[in-house]
Amino acid sequence: MKSELPAILSAGLFESIKRYPSAPVSRIRTVETFELEYYFEDGGISVIDGQEYPIRRGNILFARPGNIRYSHLHFTCRFLHFLVNDPALTAVLENLPSVFPAPDLRKTESFFTDIIAH
């Protein structure tokens, strides 16, 4: 059975200092899509459903629809927001940890750079 590819809704570079120049914490929000964030520098803390995750270079944060999240600022990351309509892929994604190390920093940085460029 062929699975449906995710639909990328947005991708880019997020610099919290530009969005929240004087705030110590971002707004609390409910995640509406799947979100990947790749951190290429240390700084801040991301909070998902009350669990704190220090932002560290080389880590990937994975948030799911329905998660409640916010961040202690400041940090910079590359991000990818996407929808998944395939139940089998959704089941796989639901089992990913909220934060995990990138398997290969160069390849991960290249992946995010390429996605953002296109």
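## Burial and accessible surface

Of the 118 residues in the protein, 36% are buried (buried means under 20% relative accessible area, exposed over 50%, and partly exposed in between, with a 1.4 Å probe and protein chains only). The model is predicted: local features need pLDDT of at least 70, side-chain atom pairs count only at pLDDT 80 or more, and totals for chains, interfaces and linings use all residues. Residues are numbered from 1 along each chain as its sequence is written, and side-chain values use heavy atoms, with hydrogens and water left out.

The accessible surface comes to about 7,100 Å², and carbon and sulfur atoms hold 57% of this area (Shrake-Rupley method with a 1.4 Å probe; for residues, only the protein chains shown count as cover).

## Fold and dimensions

The protein contains three helices and nine strands (DSSP runs numbered from the N terminus: helices are H or I of at least four residues, strands E of at least two). Their order from the N terminus is β-α-β-β-β-β-β-β-β-α-β-α. The radius of gyration is 14 Å, close to the 13 Å that the globule rule gives for 118 residues, so the protein is as compact as a globular protein of that length (the radius is taken over C-alpha atoms; the rule is 2.2 Å times the number of residues to the power 0.38).

Along the principal axes, the C-alpha trace spans about 50 × 30 × 20 Å. Among contacts between residues at least 6 apart in sequence, 76% join residues at least 24 apart (contact means heavy atoms within 4.5 Å).

## Charges and salt bridges

The protein carries 12 positive and 14 negative side chains, with the centres of the two sets 4 Å apart (Lys and Arg count as positive, Asp and Glu as negative; His and the chain ends are not counted). Each charge is placed at NZ of Lys, CZ of Arg, CG of Asp or CD of Glu.

Six salt bridges are present (a side-chain nitrogen of Lys or Arg within 4 Å of a carboxyl oxygen of Asp or Glu). One of them pairs Glu15 with Lys18, with closest N and O atoms 3.0 Å apart; Glu15 is partly exposed at 28% relative accessibility, whereas Lys18 is exposed at 64%. Another joins Arg29 and Glu35 at 2.8 Å, N to O. Arg29 is partly exposed at 23%, and Glu35 is buried at 2%.

Arg64 and Glu94 also form a salt bridge, at 3.7 Å between the closest N and O atoms. Arg64 lies in the loop between β6 (59-63) and β7 (68-72) and Glu94 in helix α2 (residues 87-94), so the pair ties together parts that are 30 residues apart in sequence. Arg64 is buried at 9%, while Glu94 is partly exposed at 39%. Salt bridges with shared partners link Arg29, Glu35, Glu37 and Arg69 into one network.
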